[in-house]
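Student: I have just opened this structure and would like to learn my way around it. Could we go through it together, one question at a time?

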Amino acid sequence: MRIPVAAFVSAAVAIVSLAAQTPAPATAASAPIPRYDVKRAGSPVTIDGKLDDAAWAGASPAVTLQFLWDSQTGAKQKTQARVIWDAQAFYVGFDAADADITARFEQRDDPTYQDDAVEIFINPDPKQEALYYGFEMNTRGVLYDYLNYNSRTFFKRWDATGVKIATSIRGTMNDRADTDTGWSLEAAIPWANFEELSRRPPVAGTVWKANFNRWDGVRPDRRMSIWSDPQNAESWPHVPSRFGELAFVD
């Protein structure tokens, strides 16, 4: 049984204030927290995975994800991410260079992070860091979504509603013998999914926290890239104190 969105989030929010009393672990000299201006879309967005709408042309320049863990052995392939918004939804677009596009999982809430996949973690209420939303999407456009509590507890039975996802593949999926070029992904997440932690939709001047990630490659040669450095040695991206800032602008 899936847990209703409003009922689940309302219950989770009730424990956030207690979690907020627990001090976050100290970190070494911190890298700056990045900031991205999320521009309002000037025209409708068609979710087809191609990122060629005029609305994307008007977005802030894409951020490029960083390779931080040299112990990983996967190829270093470029990934860029952009975000825009309008009265209906929050839109995220990824473009990934990829010479070998692979994805096994096909069902909602499968472990898409084990495939070639992109992720966005979203905290609409930066005053707290105990609770945020995770959206992990593979090259098939399959969504694994959850609420994350206290960085380590994943409420996987929470499902966002009305999310639209599409991908565009430049190559042949799951053919290890050929050489691919890359893939792109587009997602629209309606504001109703965030309403327990933020007004719907946000107004210009609102700042949320978020991070973009990508998992790439086939085991054992896997590599993660990320937007805002979580400052750890274990390639663990679930560090909300280190999420970047998303500033909504007109």
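Student: Which residue's side chain meets that of Arg108 in a salt bridge?

Tutor: This is a predicted model, where local features need pLDDT of at least 70, side-chain atom pairs count only at pLDDT 80 or more, and totals for chains, interfaces and linings use all residues. Residues are numbered from 1 along each chain as its sequence is written, and side-chain values use heavy atoms, with hydrogens and water left out. A salt bridge here is a side-chain nitrogen of Lys or Arg within 4 Å of a carboxyl oxygen of Asp or Glu. With 3.8 Å from N to O, the partner of Arg108 is Asp159.

Student: How many residues apart in sequence are the parts that this pair ties together?

Tutor: Arg108 sits in the loop between β4 (89-97) and β5 (117-123). Asp159 belongs to the loop between β8 (153-155) and β9 (164-170), so the pair ties together parts whose separation in sequence is 51 residues.

Student: Is Asp159 buried or exposed?

Tutor: Buried means under 20% relative accessible area, exposed over 50%, and partly exposed in between, using a 1.4 Å probe and protein chains only. Arg108, at 37%, counts as partly exposed. Because its relative accessibility is 14%, Asp159 counts as buried.

Student: Which residue forms a salt bridge with Arg35?

Tutor: Look at the side chain of Arg35, which lies in strand β1 (residues 35-40). Its partner is in strand β13 (residues 244-249), 210 residues apart from Arg35. The N to O distance is 2.6 Å, and the partner is Glu245.

Student: How many salt bridges are found in the whole structure?

Tutor: One of them joins Asp70 and Lys76, with the closest N and O atoms 3.5 Å apart. Both Asp70 and Lys76 are exposed. A search of the whole structure gives a total of 14.

Student: Over how many bridges do β3 and β4 pair?

Tutor: Two strands pair if DSSP finds at least two bridges between them. A hairpin through 3 residues joins β3 to β4, and Thr79 has Ala96 in β4 as its bridge partner. The pairing is antiparallel, and the number of bridges is 7.

Notes:
Helices (H or I, at least four residues) and strands (E, at least two) are DSSP runs, numbered from the N terminus.
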